[in-house]
Amino acid sequence: MNRTSPITLLICALGGEGGGVLTEWLVDIARHAGYAAQSTSIPGVAQRTGATTYYLEVFPVPLAQLGGRRPVFSLSPVPGTLDGIVSSEMLETARQVGNGMAVPQRTLVITSSARTLTTAERMQPGDGRADAQRLLDTVKSFSREHHVFDMSAMARECGTVVSAVMLGAIAGSGLLPFPREAYEAVVRGHASDPRAQVDKATAASLRGFARAFDAVSTPRAQAALVTRLLATPEPDALAPTPLPDDLALAFPQPVHAMLALGHARVLDYQGADYAALYIERLQRVLATEQAADPAGTNAFAITREIARWLALWMAFDDIVRVAELKSRASRIRRVHAEVKAGPDDIVKVYDHFKPGAPEVAALLPAALADRVIAWDRARQARGKAPWAVPLKIGAHSVLGMASLRWLASLRGLRQRGSRFADEQALIDRWLAAVVAGTRNNWRLGHEIALCGRLIKGYGSTNERGKANLLHVINHLASEPLPKCTPTKRADAIAAARTAALADDAGIALDAALVRHGAPPRPVVAQPIRWMKRAPQVR
Amino acid sequence: MEVSFSKEIEALRLGAGDIFHGEGILAITKGLLQSGVSYVGGYQGAPVSHLLDVMVQAKPYMDELGVHVEACSNEASAAAMLGASIHYPLRGAVTWKSIVGTNVAADALSNLSSPGVTGGVLIVVGEDYGEGASVIQERTHAYALKSSMCLLDPRPDLGRMVDMVEHGFRLSEQSNMPCMMELRIRTCHVRGSFECRDNIAPKISTRALMSEPAGFDYMRLAHPPVTFRHEKLKGEERLPAARRYIIEHGLNETMPGEQADLGIVVQGGLYNALIRGLQQLGLADAFGESAIPLMVLNVTYPLVPEQLADFCVGKRAVLVVEEGQPEYIEQELATLLRRRDIQTPLHGKDMLQAAGEYGVEVLATGLTAFARKWLPGHSIDSAQGWLDGNKSRRAAVAAQLDAPLPNRPPSFCIGCPERPVFSALKLAQLDNGPVHIAADIGCHAFGTFEPFSMGHSILGYGMSLASRAGVSPMMNRRALSIMGDGGFWHNGLLTGVQSALFNGDDAVLLIFKNGYTSATGTQDIISTPDDESKARAIDKLQSMVAENQTIETTLKGLGVQWMRTVHTYRVDRMRATLNEAFTSDYNGLKVIVAEGECQLERQRRIKPWLASLLQRGERVVRVKYGVDEDVCNGDHACIRLSGCPTLTLKDNPDPLKVDPVATVIDGCVGCGLCGENAHAATLCPSFYRAEVVQNPKWYERLLHEWRARFLRWLQPAQRGGQPVSPA
C-alpha cells in the first residue's frame, strides 16, 4: 500500500480578504507545475465580514510519476494532520489551534500579528479585547515552527491586499514543492514574458508577495521581528514628565510618574489653585496609606492609582474642555494624518455636538441650573424629547473655530457652575470611602481606589458611572454585609467593578451585587407605551 | 451582482477533449450544457448561487445554444417551471439551497412527481448541512422518499459529478421520475478538473420552437382519480425502471478490498472523507485503494436491493456510512437483508454519531470501533493515538487560553444601509419600551448578532409579518416585523401583507429596500434600480433605490393606507417613524419602507466613476469619519449602537487612561452613521466628519488659504505646562 500522503494547508481569512483568489492561485500553480491539487472552502454568508477558511491539498509527487493514478483528496481539514496553517488574523489562528488543527510535531503556522477585533470585544464598556500575548503563546506552543508578522501592515505598505502577502508567505515557507517563479507567474497571470510590463495592481501584488517571501524565508530577520513583536512594553512605563521639586519631595518615588501626569492634567484644566487642591487631596490619601502600610510593601499603589483617577475625575469632560481639545492646532494636524489627505487636498472638518439642558446647566450657578433642569424635566413629562441642539460645527471655518475658541474661554464660568460643585462633592465622597477603607484594610482601600475607572465620559455614560460608583461605595464599601470580612468586601468590590465594565445595562453588575449580599441598583424609569385596545370580538 | 464570471463563462464553451479547471458547481453547470438542457431556472442561495449567476451572465451564449434561463422569484416558481417536462421531451434543470428551498418548492415537486416527466428533469440542490451551513439541519433525502424522486449524491470528483449530471437526465427519462442531485457545501466549492465533452444545443429550444401544444391527457394531471394510478406506477414501473438504469450503467461503484468478508456502504458525497478516515487507520492508500470493500452509492434513492444484497451476502459485517438523521439508507438496507434472510451483521448509527457532518475525525472514530470489533488483528493504536491526541490538545489549548475565544459571526458590511435602522430601533425601544420583533431571512438577520441582538423568531424567508399574526392580538404593545426586499418578493407580499390586510391586522412592517437580494450575492430583483437610471444620475454617490417604486405601488395597490418611506441613514427620522408606528392611532397595517442602496452595489457603481474623475483631474470629495482620541471617553457606546467593522478600538494614547479608545480605521466609506448616531443618541462629541477635497477649484484653494491664516490667528500656541495628551 502506498503510504505517501498529500501536503495539507489550511488558510484562514476574513470575508472580503481575497482568500478565494489565493486558493485559486495555489491550485493554478500546482497545475502548471504538474502536481495534483485540490482546494475547498465554505464561504457562505461568512463573506460578510465573518471568519472563513480555505483548505488545500497538494500531492508531493508530480502527476507524471504517478502512472495515471490519481490521489483522493480530503475536502475538509483534518485536525492534527495539517502541514501548514496560514492566517491573516491572530484570533482566527488561535481559534484553529483551539480546534485541534495544529500539532507541535507537524504544523508550520504563519500568522499575521494583526487583530481585527470582533464586535463582542469592541462593544464592552471597559477593555474586552482578547489578550494578544496569550493568543501568540498558544500559537507558539502548538506549532512545529511559527512565523508572525503584521500582514495587514505589509499589505498596506505595498499598496496591495492581504492575499498577495499570504501567497508570498506560503512561497517563502517552502511548504509546497514549487519554485518562487511559479508563484510570481500566477500573479502575473502567466504572461509569456516574465519581464513584460505589468499593471499597477499586479506590481503591488508582486511587491507584497516579495516582502512576505523574504519575511518568512529569511530566518534571522524573522527572528528579530518576532522578538520585537513579543517584547511587550512595560505596562507602567510612562512617558517621563518633569515633576516640580517640591512635589517630588512630598511623595514617594513610585508615585512620581503618575503624579507628574496627573498634576499636569489638572493644572492644564483649571489652573494652579485647582492643582493645589489635587495635591492636597492626594496627600490625604498618602497619609492614610502610609499609616496602613508603613513599610511601603505595596509600593504606594493606592496613592498611585488615586493620582491617576483623581486627576481624570477632577479634569472631568464638559463642553469647555471638548471645545478646547477640538480647537488645538495639533488636532488639525492629527486629522489630516488620519484621513490621509494629500498635500494639495483641502480638508473640511465638521464636529458633531449636541449640547442639551444638562450641559448648559452645568455652567450655571446651582439655583439657575435647577430651574433649567426642572424646565427640561417638565418638557419630557409632556412627552417631548429632552431639549438639545444638534450642531455640526465646521472646525475648518472661521466662524466654527471662533465659536470653539469662545467656548474654550469659558473656563472661569465652569468653576462657578453647578456641575463643578456636584463633582467636587462626589469626589470627596469617594476619597472618604478610600480613606476609610484603607484604614480598615489596605486591599479594601486599593479596590475602592480602582473604582475610579468607573467614572468617564459625558452625559448618560458619566451619570451611569457615577451612579454605579455611589452604589458600590454605599452598599459594598460601608454598609454591613452578611458574614463580611474586609477581604471579602474587597473581593466583592473587585467583582462589582469588573461587572460594571462588562455591559452598559448593568445586568452583570446587578448579579455581582446580589451575589455578594448587596441590593441590586434601583430600577431606572423607562417609558413604555401600551397600545390599549378593546379585546377583539368577531 | 457581486461576482463577475467572465472567465467562467469562457470555460462553459469548452469542447470535447478540453480540460475544465474550476469549482464544482461550475462543473455541474457545464454538465447541464453537455446534456442538452433546454431550460434552467432556480433561486440563488449558497452554495449553488453560482450555477444560476453564471448562466444569467452568460446570456449571449445561452441564446446561441437556445437555452432559456430564468431567475425565478422563489423555489416554488422554479419547481413549477419543471412542469414543461411533463408533456414535452424537454430537458430542464433547476437549482436552489436545500433544505429551505426544497420546503418552499415541495408543493410543485409533489405535483410534478405524481404524473411523472417525459423530458429529463434535474434538480440541483445545495445540501446546506454541517460546517458553514446557514439553515436548519435537515436532509433533502426525505423529499426524495416521499415524492419518489431519484436522489443522486455523486462522489466529489468533478468528472464523476459531470457524468452523473448526464446520467441524471437519462435516468429521469427512463424512469419518468424527476431526479434530485444533492451537493454538499464543500463539493460545490471544490476546485478540480475534468475532461469536457461538447455542449449539445437542445433539439427543442428558444431557437427551435415547438409549433403545437401537446394533446389533452388527463393522466398528466395531478388530479384524482389518476393520482391513484400514479401512486401505483411509482412502485410498479418507475422505481424498477430506475433501478434497471442504475445497474445497467454502473452508477453505483463497487470497489474491492483484501478484507473481502467486510464491507462499507457509503453515500457518494462522503467517499473522500471515508477514504481519509480509512487512511488514518492504515486501511487505505493515497489513491483510494481500500482494504475493506466499498459500495459507493452515487444514487442514494432508489437503492437497488439485488445490488446491496449481493454486496452484503457472505460478509462478516457491513458498515453503513450515512450522514444525518434519521438513517433512511441503513433502515432500508436492514429491511431488505431481513426479507432475504441474509444474516450479515449491520452497523451504522450504532458506531457513528447520529447528528452532524461526517468529517474525517467523526468517521475515523466510527471506523475505529468497527475495526476493533471485526479486525482484531489490525492495529488501531496509531489512529487511536491521533484521536486521543486531538482531544487532549484541545483541552490543553482551552486551558492555556483561559477564556473562550470570542465568536466572529458575519455582520453588516461597512456602510451597510441596514445597520442604521437597528441603531434607530435600539433607540426607539428606549422611548417606548421593548417590542416583539419578528425577524426574517436576509442580511438583516445579522441584527440578531451583537451589538444589536434583536429578533424573537425566524420562521422562514419572507415569513416575518405572518409569524407575528398570533403574537400581536395577544399583546398590549405592537409587534414589529422586519423583512428585506428579497424576502418581500420571495414570499412576504402574499403570506404576510395580503393576509394582514385581509384580516385587518394591527401590524408594523419594516421593509429594507436595498435594491438587491443581498445576502445571496446581490442578485437583481424586480425592484432593482435599472441600469438606465443609474447611468442617468448626475450625482452617482446617492442611493439609487428610490428610482424603482415597484414595492410602494404594489403596496398601495393592495390597499396599504399607512406607509412611510425613510432613508435609512436618517437615524433620528427612522427613530421618530418607528415611534409613530408603535403609537399611532391607526390600527391597520403600517409599513415603513427603509430605503438605502446595498453598499456593496453602491461601491461597485461609484468606485470606477470616482477613479475616472480623479484620473481626469476633476474635483472629488471623499468623506471619512474619525474619532478625536483625546475626547473619546472609552465607553464604546458608539460601537454598541453601530458595530461597523471600521469603528474599532486602539490603545488609549493618554497614559493616564486605561480603557481603549474608539477609532475609525481605513475602509470607512463615510456613510455618515457615526455622525447620525452621535446626534440621535447624544453620544460623546468625539466624532468628526472629514471631507477631503481632491483637485479643488482655484477659488476654493484661495478661500482655504485665507481661512487657514485666520485659524492660526485664532488658535493659541500650546499653553505652558504639559500637553494634555500626545497628539
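Modeller: Happy to! This is a predicted model. Let's begin with B:P302, which sits in the loop between strand 12 (299–301) and helix 13 (305–312) of chain B.

Colleague: What does the peptide bond from B:Y301 to B:P302 look like, cis or trans?

Modeller: That bond is cis, with omega near -5°. A cis peptide bond also joins B:E450 and B:P451, where omega is about 5°.

Colleague: And where is B:P451 found?

Modeller: B:P451 lies in the loop between strand 15 and strand 16 (457–458) of chain B.

Colleague: While we're on backbone geometry, what is phi for A:K340?

Modeller: A:K340 has a positive phi of about 55°, although it is not a glycine. You'll find A:K340 in the loop between helix 15 (329–338) and strand 7 (346–353) of chain A.

Colleague: Is that lysine, A:K340, buried or exposed?

Modeller: Exposed: the relative accessible area of A:K340 is 52%. B:H636 also has a positive phi, near 65°, and is a residue other than glycine. B:H636 is buried, though, with a relative accessible area of 3%. Its place is in the loop between strand 23 (620–627) and helix 24 (637–640) of chain B.

Colleague: Changing topic to sheets. What is the strand order in the open sheet of 5 strands in chain B?

Modeller: The order is 9-11-10-13-14, and the pairing is mixed. Strand 9 (253–255) and strand 14 (346–347) of chain B are at the edges with a single partner strand each, so one side of each has no neighbour in the sheet.

Colleague: How does strand 9 of chain B run relative to strand 11, parallel or antiparallel?

Modeller: Antiparallel, with 3 bridges joining strand 9 to strand 11 (residues 294–297) of chain B. For a landmark, look at B:E253, which stands opposite B:V296 in strand 11.

Colleague: What about strand 17 of chain B, how many of its residues are buried?

Modeller: 5 of the 5 residues of strand 17 (residues 480–484) of chain B are buried, so this strand is largely enclosed by the rest of the structure. In a regular strand, side chains alternate between the two faces of the sheet. Here both faces are covered, with B:L480, B:I482 and B:G484 buried on one side and B:S481 and B:M483 buried on the other.

Colleague: Which way does strand 17 of chain B pair with strand 18, parallel or antiparallel?

Modeller: Strand 17 and strand 18 (residues 507–513) of chain B pair in the parallel sense over 5 bridges. There, B:M483 stands opposite B:I511 in strand 18. Strand 15 (residues 437–439) of chain B also runs parallel to strand 17, joined by 2 bridges. In that pairing, B:A438 has B:S481 as its bridge partner.

Colleague: How many disulfides turn up over all chains?

Modeller: A search of the whole structure finds 0. As for individual cysteines, A:C12 is buried at a relative accessible area of 2%, and B:C312 is buried at 0%.

Colleague: What classes of residue line the largest cavity?

Modeller: The lining divides into 11 nonpolar, 6 polar and 10 charged residues.

Colleague: And the second largest cavity, how much space lies in it?

Modeller: About 220 Å³. The second largest cavity is lined by 19 residues, with A:L75, B:R184, B:R186, B:G269 and B:E357 nearest its centre. By class, that lining has 8 nonpolar, 6 polar and 5 charged residues.

Notes
Residues are numbered from 1 along each chain as its sequence is written. Chains are lettered from A and ligands numbered from 1 in the order in which they are written. This is a predicted model: local features need pLDDT of at least 70, side-chain atom pairs count only at pLDDT 80 or more; totals for chains, interfaces and linings use all residues. Side-chain values use heavy atoms; hydrogens and water are left out. Two strands pair if DSSP finds at least two bridges between them. Helices (H or I, at least four residues) and strands (E, at least two) are DSSP runs, numbered from the N terminus. A disulfide is a pair of cysteine sulfur atoms within 2.5 Å. Buried means under 20% relative accessible area, exposed over 50%, partly exposed in between (1.4 Å probe, protein chains only). Ala, Val, Leu, Ile, Met, Phe, Trp, Tyr, Cys and Pro count as nonpolar, Asp, Glu, Lys and Arg as charged, and the others, Gly among them, as polar. On a 1 Å grid over the protein atoms alone, a cavity is a set of points where a 1.4 Å probe fits but cannot get out, and a pocket is an open set with protein on both sides within 12 Å along at least five of seven lines; lining residues have an atom within 4 Å of a point. Grid points are joined across faces, edges and corners, and a volume is the space filled by probe spheres set on the points.
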